[in-house]
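Please keep the sequence and the structure in view while reading the points below.

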Amino acid sequence: MSALICGSIAFDTVMVFPGRFREHILPDRIHMLNVSFLVPSMRRNYGGCAGNIAYNLGLLGGRGAPMATVGHDFEPYRRWLHACQVDLEHVRTLDDEFTAQAFITTDLDDNQITAFHPGAMSLSHQNVVPADGGITLGVVAPDGREGMVAHAAQFAAAGIPWLFDPGQGLPMFNGAELRAFLDQATWVAVNDYEAQLLQERTGLDAAAIAATVRAYIVTRGSEGSVIHADGREYAIPLAPPAAVKDPTGCGDAYRAGLIFGLMNELDWETTGRIASLMGAIKIAHAGTQSHRFDMNEFKQRFRAAFGRDL
C-alpha cells in the first residue's frame, strides 16, 4: 500500500536563552514591550507534520509520500529527504515564497516564545490529490486551511480512505467544518487536548465521533493512548522511553505507526503499540528526524516494552 501524507513541511529554528523571560519582561511595561534575548545555543531542525510522518513511516519500511508546498529555500531539506529515500514527487516548490518555518526561543523554565511564518504552506491548496496515482491511504495533517479542506474532499471523492489529523490546525475550523471533516474521514487521531476541543466544537462526545468513523484515536502523553473502534475501547500502554529529551514530533512519530498498522491491516492492539513505541523512540532524541533504527532493533524493543513479538 502507498500513503499520501498531506501536511506541512517546515524548518524549526530552536534557540535557547540561558536565563528566564520573567526576569526581563516587566509586568507593568507589557503594553510597550521591547526586549532582546542573547541566544548562544541554536539549532535548525527539519520538521512539519508531512515531513515528519513520511520520515518515520520510512523507518518502518512503509511507503509514504508527503504532499506539500515549499519555498525557494527548501533545497537542504530536499537533499535530506532524498537521502532518507522519501518520495518527493508531490512536493511543489513555489519560487516566490519561503518554506514554512517556526522560530522558537526557550528559556530555562521551558517557557517558549514562538513566531511562525506559514510561507508556501498557505498555498497548499494548489496541490491536488491524484485520483489515479496508486494512492491507497491518505492523511490530512496540519497545513494551509484551504488545503486541508480541499484535500479532505479530494480523498473522499476518489474513494481513498484517509486519516484526519487536525493537530494544531484544529482551532482554524468551527463546529460545522469539523463535522464535515468527520463525515468524510475514515479515521481520526488527536491528542487529549485536541479531543476536548474537537468534542466541544462539534457537540459530539467520544462515542459519537467513534460511531462516525472507523476509529477515533486519542493520545494521552505519559498515560498512553485510547483507540475507540469496533464498538470498544482499546487501552494502549505507554512504551517506556530510553530518555526524555524532546517531545516535539512525538505525535507525528505515533501517527506514522498508526499508518503502518493500517497499511498492513494489523489489529488495533498491535497497531497502537507500534505507534506508542514510535513515540517513545522519538522522544529520546533532540529534533524531529534525528532518530534511526532497523526493524530487528524495533522488534526487540517491541518485545521488551510489551512482552510479545511483533
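This is a predicted model: local features need pLDDT of at least 70, side-chain atom pairs count only at pLDDT 80 or more; totals for chains, interfaces and linings use all residues.

Gln85 counts as exposed because its relative accessibility is 74%, and the cut-off for that label is over 50%. Gln85 belongs to the loop that runs between helix H2 (75–83) and strand E5 (91–94). Its phi is positive, at about 60°, although Gln85 is not a glycine.

**A second residue with positive phi**

- Asp230 is a residue other than glycine, and its phi has a positive value near 55°.
- The loop between strand E12 (225–229) and strand E13 (232–236) is the place of Asp230.
- Asp230 has a relative accessibility of 59%, so it counts as exposed, given that the label requires over 50%.

**A buried charged residue**

- Glu194 is located in helix H5, which covers residues 192–202.
- Is Glu194 buried or exposed? Glu194 is buried, and yet it has no salt bridge.
- For Glu194, the nearest side chain of opposite charge is that of Arg255, 4.4 Å away. A salt bridge calls for a side-chain nitrogen of Lys or Arg within 4 Å of a carboxyl oxygen of Asp or Glu.
- When neighbours within four places in sequence are left aside, Glu194 is in contact with Gly167, Gln168, Leu170 and Arg255. Arg255 is thus a contact of Glu194 without forming a salt bridge with it.

**Overall fold and dimensions**

- How many helices and strands does the protein have? The protein has nine helices and 13 strands.
- The radius of gyration is 19 Å, close to the 19 Å that the globule rule gives for 310 residues, so the protein is as compact as a globular protein of that length.
- Along the principal axes, the C-alpha atoms fill a box of roughly 55 × 45 × 45 Å.

**Burial, contacts and surface**

- Of the 310 residues in the protein, 52% count as buried.
- Among contacts between residues at least 6 apart in sequence, 69% join residues that are at least 24 apart.
- The protein exposes about 14,400 Å², and carbon and sulfur atoms supply 50% of this area.

**Charge**

- The protein carries 24 positive and 34 negative side chains.
- The centres of these two sets of charges lie 5 Å apart.

Notes
Residues are numbered from 1 along each chain as its sequence is written. Side-chain values use heavy atoms; hydrogens and water are left out. Helices (H or I, at least four residues) and strands (E, at least two) are DSSP runs, numbered from the N terminus. The radius of gyration is taken over C-alpha atoms; the globule rule is 2.2 Å times the number of residues to the power 0.38. Buried means under 20% relative accessible area, exposed over 50%, partly exposed in between (1.4 Å probe, protein chains only). Contact means heavy atoms within 4.5 Å. Accessible areas come from the Shrake-Rupley method with a 1.4 Å probe; for residues, only the protein chains shown count as cover. Lys and Arg count as positive and Asp and Glu as negative; His and the chain ends are not counted. The place of a charge is taken as NZ of Lys, CZ of Arg, CG of Asp or CD of Glu.
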